[in-house]
Amino acid sequence: MGNTDSKLNFRKAVIQLTTKTQPVEATDDAFWDQFWADTATTVQDVFALVPAAEIRAVREESPSNLATLCYKAVEKLVQAAESGCPSEKEKQIVLNCSRMLTRILPYIFEDQDWRGFFWSTVPGAGRATDEMDDDGARPLAESLLLAMADLLFCPDFTVNSHRRGPDSVEDMQTIDSCEYIWEAGVGFAQSPPLNYIHDLNRTELLRLLLTCFSEAMYLPPSSDNTILNPWVSFFCSTENRHALPLFTSLVNVVCAYDPVGYGIPYNHLLFSDYREQLVEQAVQILIVTLEHDGGGLAHRPPSPSSMEDQDSVGPDNLFVNYLSRIHREEDYDFVLKGLARLLVNPLMQTYLPNSTKKIQFHQELLVLFWKLCDFNKKFLFFVLKSSDVLDILVPILFYLNDARADQSRVGLMHIGVFILLLLSGERNFGVRLNKPYSVHVPMDIPVFTGTHADLLIVVFHKIITSGHQRLQPLFDCLLTIVVNGEYLCTGSICWSNMHMVLYLFIQPSFNQERNCNLVYAIIRKRNLFHQLANLPSDPASIQKALLRKRKSPDAITGISRTSSQETVSMEGSRPAVPAEPGTLKTSLVAIPAIDKLTEKSQVSEDGTMISVLKMEHSHASHHTPQADHTTQADHTPQAVHGAIVGASDTESVLSWKCKLPLQTIMRLLQVLVPQVEKICIDKGLTDESEILKFLQHGTLVGLLPVPHPILIRKYQANAGTAMWFRTYMWGVVYLRNVDPPIWYDTDVRLFEIQKM
């Protein structure tokens, strides 16, 4: 009954606010306290009892009252941060103010005239205790952010108290928050006891913090990387004395989280997991704060022993700075194993249906992994140093395969491919893929025996042949990833025609000993390559072929888009399906072309990689235009894509036909087909294993063209992908926060919300 009265009183206060035509004085505490001091409303209550239409009405008709409401709510948070919330009533006021600001802020941001309101100064809010005059006034946004930072390390509210006795007091102004880090992991060895009340309070404050950062949603897309998010810039600056312990707390909470726990079946249905809500908010805060600020220099930030103390200072954004300076292998191992455990969670199979909790924030985890690899190259090298990288690869391939038919998940497809492109730019990636694949996660792909390289090719084939049309811009990236895998060796003979086309058209040089399965597949499908080599280019033949293709799409190439689906799929797998009607998705900006996404690097004799652009620049005087034209251009993904998709006139057929790297393949067939036929006749062989053994021990040295130098296309950061990541990241945050629906039905401009 009391809770009902509380909601009723709160609703009456909202109605009073929306109907008052005269400004209410800030000193009228009896009126303003109705919103936070005398209520016990949940965040869902606040969203239900404060309708969007009424917030906009106050904004337009009584702007001074809306301004005072925001000011008074921030004032209460600042006071609580100073006092340390000693009473339960003060703790409740903090939560109520946080919920009210979370509800209101999006409507402040959507109006251009209001967007600067929080960055205006408030009389009496000084930057320091001795700066209380108006000249030293602190903007409302800064006061709010600093208060939240303090409250996130408030004893008995968001962290466990370290008081040594009932009479001792912990001063909020002098507290060393590095001693109150939320979870063991990077830079912190002690694991504090779990306290679900603290987790809930942290989640409320992080939700408000995320809402503050979301001003970026209300600005149109821009490739100008000098435009920074002022909320993120200030919060991640040296002004925030809690930046280091908060960054560490967020990373450790995410990477230490185990949704399965002790593995008791259906435990997630019996008990509420408050830590999961905190982990979701924590990973979202991390991905939106880890935005590079263009390389400005900062004052030297504090550095724990787990972070490199380099002479060169990093970017102004301390979160990026700290992330880039993590260097201990035990910290890398903790982060990598934590992310892998969470990414593989949705793939887990159990004998009892739905008996294990499945997390839903894998997209945020992929963005975080991307930022880790992008900002900390030593972490990237650590990932590729062992086969642990496969614990990341397999879940990514699962997500790519599962989402290929769902247009609402096109962003997930992009981030997965981008990560693989980044990893493939390092030499070790191809080597790691040669490990035999034995995990057998429930993917909608044919059962096969082979390596992780085979798994990658099979999934890429599925994407190209049975994915939706909006994935076509990714084809160049997929092919580039395979191009970069110069050290791949194949372990399965169950390759379809498309597997060979995909692999061979971009791998004109290969080691016969390591790829005997592939060589055997070429020999078995030799008619396909003879057809390609003899493809007619005169108009009459082209028209005749196009007519046949319209009648039977598989008639020309012999490549079936459904052949792989006719084989037995892995146990427990589900077919990829389109999005349900009514599913919401957010729009994305276009990705740059592959030549803008990557730069060429050549592998030297000692294994190091040198930028081809630098090499060409240093030897420019010795190169002719013709010589430059004959680099690996013949084997670029664009050429392959043209070969796969086809053309409709003589000129275009000739243009891509001359780029097909068939010379190596035709020479291989010319040499090996007679040998294989002879050994089969002479020895009466019918067993494929004997033929494979013959091919494995044979040699083509001196018979095939001299292989080109190993060229790898490495991902390079650019304004186009930075903008893509910003729109994708905020789109994920928008769609994932539905309880409460923080930004629903507000005028966001960074992307469009579309219904399938």
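## Salt bridges overall

Let's start with the charged pairs: the count of salt bridges comes to 34. Please keep in mind that this is a predicted model.

## Asp111 and Arg59

Asp111 pairs with Arg59 in a salt bridge whose closest N and O atoms are 3.5 Å apart. Asp111 sits in the loop between helix H6 (88-109) and strand S1 (121-126), while Arg59 belongs to helix H4 (residues 52-61), so the bridge ties together parts that are 52 residues apart in sequence. Both Asp111 and Arg59 are buried.

## Glu426 and Lys714

Another pair to look up is Glu426 with Lys714, whose side chains meet in a salt bridge at 2.7 Å, N to O. This one links distant parts of the chain, 288 residues apart: Glu426 is in the loop between helix H18 (410-424) and helix H19 (427-432), and Lys714 is in strand S8 (residues 711-715).

Are these two partners buried or exposed? Glu426 has a relative accessibility of 14% and therefore counts as buried. Lys714, at 19%, also falls under the 20% limit and is buried.

There is a network to find as well: salt bridges with shared partners join Arg56, Arg59, Glu60, Glu110 and Asp111.

## Asp333 and Lys337

Now for a pair within one helix. Asp333 forms a salt bridge with Lys337, with 2.7 Å between the closest N and O atoms. The two residues are four apart in helix H14 (residues 329-344), so about one helical turn separates them.

Asp333 is partly exposed, with a relative accessible area of 26%. Lys337 counts as partly exposed too, at 45% relative accessibility.

Asp150 is found in helix H7 (residues 140-151). Its relative accessibility is 13%, so Asp150 counts as buried.

Which residues does Asp150 touch, leaving aside those up to four places away in sequence? The contacts are Ala81, Met172, Arg241 and His242. Of these, Met172 is 22 residues from Asp150 in sequence, and their C-alpha atoms are 7.4 Å apart in space.

Tyr744 lies in the loop between helix H33 (719-736) and strand S9 (753-755). With a relative accessible area of 52%, Tyr744 is over the 50% limit and so counts as exposed.

How values were computed. Residues are numbered from 1 along each chain as its sequence is written. This is a predicted model: local features need pLDDT of at least 70, side-chain atom pairs count only at pLDDT 80 or more; totals for chains, interfaces and linings use all residues. Side-chain values use heavy atoms; hydrogens and water are left out. Buried means under 20% relative accessible area, exposed over 50%, partly exposed in between (1.4 Å probe, protein chains only). Contact means heavy atoms within 4.5 Å. A salt bridge is a side-chain nitrogen of Lys or Arg within 4 Å of a carboxyl oxygen of Asp or Glu.
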